[in-house]
Amino acid sequence: MSSLVEAIAKQAQSTFSRCLTDECFAENLTKLIRNVSRIRATDLNFNKDSVCAATDNDGQRPAPVIYIEVAENQAFSMGIFLLRNGTRIPLHDHPGMHGVLKVIQGTVQITSFSKIQLPPGSKPPQDINNRVKGVARDLLIPVEKHSSAILTDRDEPCVLSPNECNYHDIVAVGGMAAFLDILAPPYDMKARNCHYYVPMETKKTDSEAKTWLLRTPPPCDYWCRAAPYTGPKFTL
């Protein structure tokens, strides 16, 4: 009998290995979300203390985030992120990607943004232009800010698409937190590289976009270390 992890991986493969405009895509994505909603830390043989021990006993400074690769190919990636108490995965994007995120331990706060389309020729409000100089203005993106969500392993997965909630940050609240993350297609250093942002709010009441994101270099206080996957084995 296959494990739940294997069922999720195979459903992700089935969902994302075909054209995303296929009429069956929505049905397959719904099946994937349904399977992911059932996953728990025990299904992945995940233990935060063991994971920390695998990375923290080599004399190096502990990383704020630990990543465990579960599966990855050209269609999708699946992995576990472990965040230490109070640490965050900074505001970032998922260019052209779909994603499914399920908390498996602890509590996280997720704040998401969706890019909005403004009329041709629209420019950022003057109060934002005054804070952003020169060519950096070309890196401003108008977005809609969604309400922050507090999530535990009892909550349903979060879902993002190329157009909805594609920008977000994730913060561990009240202790360590971990989540299973599926992205499709995976990040790629050339075609789908990750970018980081800071939000900028306008004070203009008549502005078409109240929030703009400014692309920034990767934060110096954020980095990941890898830990081995110890859950059920499977092949795709």
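Modeller: Buried here means under 20% relative accessible area. The model is predicted.

Colleague: What makes β2 largely enclosed by the rest of the structure?

Modeller: Seven of the seven residues of β2 are buried, so the strand is largely enclosed. Both faces are covered: S77, G79, F81 and L83 are buried on one side, and M78, I80 and L82 on the other. In a regular strand, side chains alternate between the two faces of the sheet.

Colleague: Which way does β2 run against β1 and against β8?

Modeller: β1 and β2 run antiparallel, joined by seven bridges, and V65 has L83 as its bridge partner. Four residues lie between β1 and β2 in their hairpin. β2 and β8 are also antiparallel, over seven bridges, with G79 partnered by D181. Two strands pair if there are at least two bridges between them, so β2 pairs with β8.

Colleague: Why is C52 called buried?

Modeller: Its relative accessible area is 9%, and the cut-off is under 20%, so C52 counts as buried.

Colleague: Which residues have the most contacts inside the largest nonpolar core?

Modeller: They are F46, F76, M78 and I182, in a core of 34 residues. α1 gives the most to this core, with six residues. Beyond its neighbours within four places in sequence, F46 is in contact with residues including V51, I68, I80 and A178.

Technical notes. Residues numbered from 1 in each chain as written. Predicted model: local features only at pLDDT ≥ 70, side-chain atom pairs only at ≥ 80, totals over all residues. Heavy atoms only, no water. Buried < 20%, exposed > 50% of the residue type's maximum accessible area, 1.4 Å probe, protein only. Core = buried A, V, L, I, M, F, W, Y, C linked by side-chain atoms within 4.5 Å. Contact = heavy atoms within 4.5 Å.
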